[in-house]
Amino acid sequence: MSAVPYPVLEPIIRRALEEDLSGGDVTSLSCIDANATARAVMRARKPGVAAGLDAALLSFRLVEPSLRVESLKRDGDPLEGGDDVLAVSGNARAILMAERTALNFATHLSGVASLTARYVEAISGTGAKISPTRKTLPGLRALQKAAVEAGGGSPHRFALGDAVMIKDNHIAASGGIAEAIERARKAGGHMRRISVEVDTLDQLDIALDAGPDVILLDNFSNKALAEAVRRNQGRAVLEASGGVNLTTVRGIAETGVDVISVGALTHSAPALDLGLDFED
């Protein structure tokens with residue numbers, strides 16, 4: 001499981017805090033004594049998988065470095081309702097100023113990890129892997145991708161520069177599947193992996209003759225996926241995409257494909273219910 005490096009994480013958290021605190025916390029400033037202290041616990045209200053805890057902890061620390069913040073779980077840990085996730089103590093105003101930002105990161109990213117874990121469990125024993133896509137919230141890709149891994153998912157390309165991924169519009173603009181693969185191979189040399197998207201078994205045959213590293217099978221039926229696996233004979237990594245949900249994913253995995261990419265992991269994951277409560 002990959003952690004988000006601090007130099008990447010800090011600017012994201014600072015922007016979120018600036019968004020929330022641009023006018024100050026008028027409620028805490030007006031209701032709570034400047035020297036008041038408190039201890040609060042972030043707690044899971046429903047089962048799931050923890051993620052985004054570094055972002056939550058850093059939210060508190062950037063608001064007030066003197067706050068004592070303790071992570072009680074790690075990213076990737078299973079959670080039951082009632083489990084304590086982290087604890088924070090110190091200046092009460094500072095805790096409340098950071099509360100919502102910390103919860104926004106933790107609830108969203110734990111939701112991503114929790115949904116991923118459900119997909120991974122659904123295909124258990126098949127040999128296929130679950131991967132995310134680039135359908136991420138702008139500015140949060142590093143955190144969302146890390147949350148997918150916390151839930152047991154496998155990495156995909158992070159950005160456009162990571163690998164050649166030839167899709168339908170690239171094919172249309174370059175003159176065909178074989179032409180696009182050949183151009184990509186000449187431009188990138190032997191060190192760069194090449195993936196190509198196909199929509200039909202006829203296109204698959206053309207792609208196999210051109211020899212890419214990965215073939216993305218877009219919106220294939222399960223019958224067509226199984227036939228693609230048979231024709232491929234292990235020559236390329238086969239990735240299934242499109243029409244994937246928790247009801248269909250097991251059948252897709254059982255066709256023998258290597259990877260199943262699921263955009264919903266990042267663009268549609270429901271938040272995991274976490275709360276932060278002051279202790280008496």
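User: Hi! Before we start, what should I know about the model and the numbering?
Analyst: Hello! This is a predicted model, in which local features need pLDDT of at least 70, side-chain atom pairs count only at pLDDT 80 or more, and totals for chains, interfaces and linings use all residues. Residues are numbered from 1 along each chain as its sequence is written, and side-chain values use heavy atoms, with hydrogens and water left out.

User: Great. In what order do the strands of the six-stranded open sheet come?
Analyst: The order is β6-β11-β10-β9-β8-β7, with parallel pairing. Strands (E, at least two residues) and helices (H or I, at least four) are DSSP runs numbered from the N terminus, and two strands pair if DSSP finds at least two bridges between them.

User: Which strands are at the edges there?
Analyst: β6 (129-131) and β7 (164-166), each of which pairs on one side only. From one strand to the next, the twist averages 25 degrees. Angles like this run from 0 to 180 degrees between N-to-C directions, with axes fitted to C-alpha atoms, for helices over the stretch in contact.

User: And which helix packs on that sheet?
Analyst: Helix α7 (residues 177-188) does, touching β7 and β8 (194-198). The direction of α7 makes about 165 degrees with that of β8. Contact here means heavy atoms within 4.5 Å.

User: How many bridges join β6 to β11?
Analyst: Three, in the parallel sense, with β11 covering residues 259-261. I130 stands opposite I260 of β11.

User: What about β8 and β9, how many bridges there?
Analyst: Four bridges join them, and the two strands run parallel. V196 has I215 in β9 as its bridge partner.

User: Is β9 buried or exposed?
Analyst: β9 is mostly covered, with five of its five residues buried. Buried means under 20% relative accessible area, exposed means over 50%, and partly exposed is in between (1.4 Å probe, protein chains only). V214, L216 and D218 point one way, while I215 and L217 point the other way.

User: Which other non-glycine residue has a positive phi?
Analyst: Q233 has one, with phi near 55 degrees. Q233 is in the loop between α9 and β10 (237-241) and is exposed at a relative accessible area of 65%.

User: And N232, buried or exposed?
Analyst: N232 is buried, with a relative accessible area of 3%. N232 is found in helix α9 (residues 222-232) and touches L208 and L238, not counting residues up to four places away in sequence.

User: Switching over: what is the order in the four-stranded sheet?
Analyst: That open sheet runs β3-β5-β1-β12, with antiparallel pairing. β3 (68-71) and β12 (274-278) stand at the edges with a single partner strand each, so one side of each has no neighbour in the sheet. The twist averages 15 degrees from one strand to the next.

User: Which helix packs on this one?
Analyst: α4 does, touching β1, β5 (84-91) and β12, and its direction makes about 160 degrees with that of β12. β1 (residues 37-44) and β12 run antiparallel and are joined by five bridges, and V41 stands opposite D277 in β12.

User: Where does R100 sit?
Analyst: R100 is in helix α4 (residues 92-122) and is partly exposed, with a relative accessible area of 42%. The C-alpha atoms of R100 and D20 are separated by 8.4 Å, although these residues are 80 residues apart along the chain.

User: Which residues of α1 are buried?
Analyst: L9, E10, I12, I13, A16 and L17. What covers them includes α3, α4 and α5 (141-150).

User: How many residues of α3 are buried?
Analyst: Nine of the 11 residues in α3 (residues 53-63) are buried, including L53, L57 and F60.

User: Last one: what lies over the face of F158?
Analyst: R141 does, at 5.9 Å from the ring centre. The rule is that NZ of Lys or CZ of Arg is within 6 Å of the ring centre and within 35 degrees of the ring normal.
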